[in-house]
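Please look at the model below before reading on. The notes cover the surroundings of a ligand and a pair of aromatic rings.

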Amino acid sequence: MNDALRHTLQQMPKAELHIHIEGSLEPELIFALARRNNVALAFESVDALRAAYAFTDLQSFLDIYYAGASVLLTEQDFYDMTRAYLLRAQQDQVRHTELFFDPQTHTARGVPMEFVINGIWRALQDAQQEWGMTGALILCFLRHLSEDDAFDTLELALPLRDKFIGVGLDSSELGHPPEKFARVFAKCRQLGLHLVAHAGEEGPPAYITSALDVLKVERIDHGVRCLEDAALTARLAHERIPLTVCPLSNLKLRVVDQLANHNLLQLLDAGLVVTVNSDDPAYFGGYMNDNFIATFEALPLTREHARVLARNSFDAAFLDGATRHKYLAEVDTFFDGQPA
Ligand code: ADE
Ligand code: ZN
């Protein structure tokens with residue numbers, strides 16, 4: 001890729017809409033928090049932990065990801081984790097970020113819900129005050145657990161309702177279709193929460209359809225398998241349902257065998273509102289700009305695609321009209337003011 005395109009990808013304003021905040025925990029911070037909190041880890045060293053990041057599928061990653069999250073105990077831990085991510089995102093010219101968090105991973109270990117939400121929230125507030133970065137929280141239900149557990153989690157979180165804007169669905173996809181969470185998503189919809197779900201990462205296109213029809217989600221996280229169903233692809237384009245695509249994640253979890261075979265360009269050509277995101281950057285070898293650069297190096301993507309992806313990230317975000325307009329204008333000024 002030429003230097004001008006690399007510079008464009010690095011410097012263009014962007015939003016990140018698919019980042020699990022626990023997936024931003026770098027091995028060094030995992031060890032520092034383990035020491036601070038006297039938590040025993042199954043790994044001897046930072047290097048030994050990093051060496052275990054050789055995933056064969058989603059589950060092999062999730063096992064290590066949940067082990068890593070076990071060092072988080074205090075509100076300050078959640079603050080420090082989020083602060084580290086936001087600092088890194090700011091370097092990548094991320095202007096707005098919607099953070100997924102997995103409360104059940106923490107409440108199951110006896111960590112109070114308020115520590116989780118308040119720690120992440122406080123870091124977002126500081127980033128807004130210091131840098132003008134905007135952000136919001138999306139509470140994810142773990143789909144390998146029961147719907148009753150999701151209901152209990154929602155109840156624990158409702159006293160902090162003003163600190164999260166929506167709910168999502170993540171963890172082991174295969175065997176845990178969206179239908180399993182129909183009632184709890186209906187309840188969240190009544191509460192006026194935004195709705196998203198992981199679907200079509202490892203699971204079949206039918207999971208994308210049921211996320212739309214049964215859960216009534218507004219965005220699909222991943223969704224890359226939609227192209228196996230032409231009618232579904234046409235529907236996603238027609239209804240302008242955004243897909244939050246995570247290229248390096250798809251590579252590391254072997255959803256694709258190499259980035260050159262990633263279908264991101266086909267998704268764009270099909271008229272879908274595609275966005276690029278990092279998913280779990282500490283585990284998958286890269287933050288936002290690493291994802292953009294690796295994908296543009298592997299596929300015949302152009303500066304005009306970069307502009308579309310930057311615009312899509314703000315179009316797909318849960319922003320009020322004025323803020324969205326401000327960010328889209330910033331993207332246009334950036335691209336119009338730069339030599340092609
Ligand atoms: N939790 C964290 N990352 C995830 C992913 N890529 N898919 C499902 N659940 C996750
Ligand atoms: Zn994800």
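In this predicted model, helix α4, which spans residues 58-69, contributes the most to the shell around ligand 1, with 4 residues. The shell includes Leu58, Phe61, Leu62 and Tyr65. Among the other residues around the ligand are His20, Asp170, Ser171 and Asp279.

**The shell and its space**
- By residue class, the shell around ligand 1 holds 4 nonpolar, 4 polar and 4 charged residues.
- His198, Glu201, His222 and Asp280 are also among the residues around ligand 1.
- The largest cavity is the space that ligand 1 takes up.

**Polar contacts of the ligand**
- In the side chain of Asp279, an N or O atom is 2.7 Å from a nitrogen atom of ligand 1.
- Ser171 takes part through its backbone, where a polar atom lies 2.8 Å from a nitrogen atom of ligand 1.
- From a polar side-chain atom of His20 to a nitrogen atom of ligand 1, the distance is 3.3 Å.
- Ligand 1 would expose 260 Å² if taken alone, and the protein buries 100% of that.

**Aromatic pairs**
- How many aromatic pairs does a search of the whole structure find? The search finds 13.
- Phe61 and Tyr283 form an edge-to-face pair, because their ring centres are 5.4 Å apart and their planes stand at 75°, where over 60 degrees counts as edge-to-face.
- Phe61 belongs to helix α4 and Tyr283 to helix α14 (residues 281-284), so this pair ties together parts that are 222 residues apart in sequence.
- Phe61 is also one of the residues around ligand 1.

Technical notes
Residues are numbered from 1 along each chain as its sequence is written. Chains are lettered from A and ligands numbered from 1 in the order in which they are written. This is a predicted model: local features need pLDDT of at least 70, side-chain atom pairs count only at pLDDT 80 or more; totals for chains, interfaces and linings use all residues. Side-chain values use heavy atoms; hydrogens and water are left out. A residue is near a molecule or strand if one of its heavy atoms lies within 4 Å of it. A polar contact is a pair of N or O atoms within 3.5 Å; within protein, one must be able to donate a hydrogen and the other to accept it, and residues adjacent in sequence count only if both atoms are side-chain atoms. Accessible areas come from the Shrake-Rupley method with a 1.4 Å probe; for residues, only the protein chains shown count as cover. On a 1 Å grid over the protein atoms alone, a cavity is a set of points where a 1.4 Å probe fits but cannot get out, and a pocket is an open set with protein on both sides within 12 Å along at least five of seven lines; lining residues have an atom within 4 Å of a point. A molecule sits in a cavity or pocket if more than half of its atoms lie within 2 Å of its grid points. Helices (H or I, at least four residues) and strands (E, at least two) are DSSP runs, numbered from the N terminus. Ala, Val, Leu, Ile, Met, Phe, Trp, Tyr, Cys and Pro count as nonpolar, Asp, Glu, Lys and Arg as charged, and the others, Gly among them, as polar. Rings of Phe, Tyr and Trp (its six-membered ring) pair if their centres lie within 6.5 Å; planes under 30 degrees apart count as stacked, over 60 as edge-to-face and the rest as tilted.
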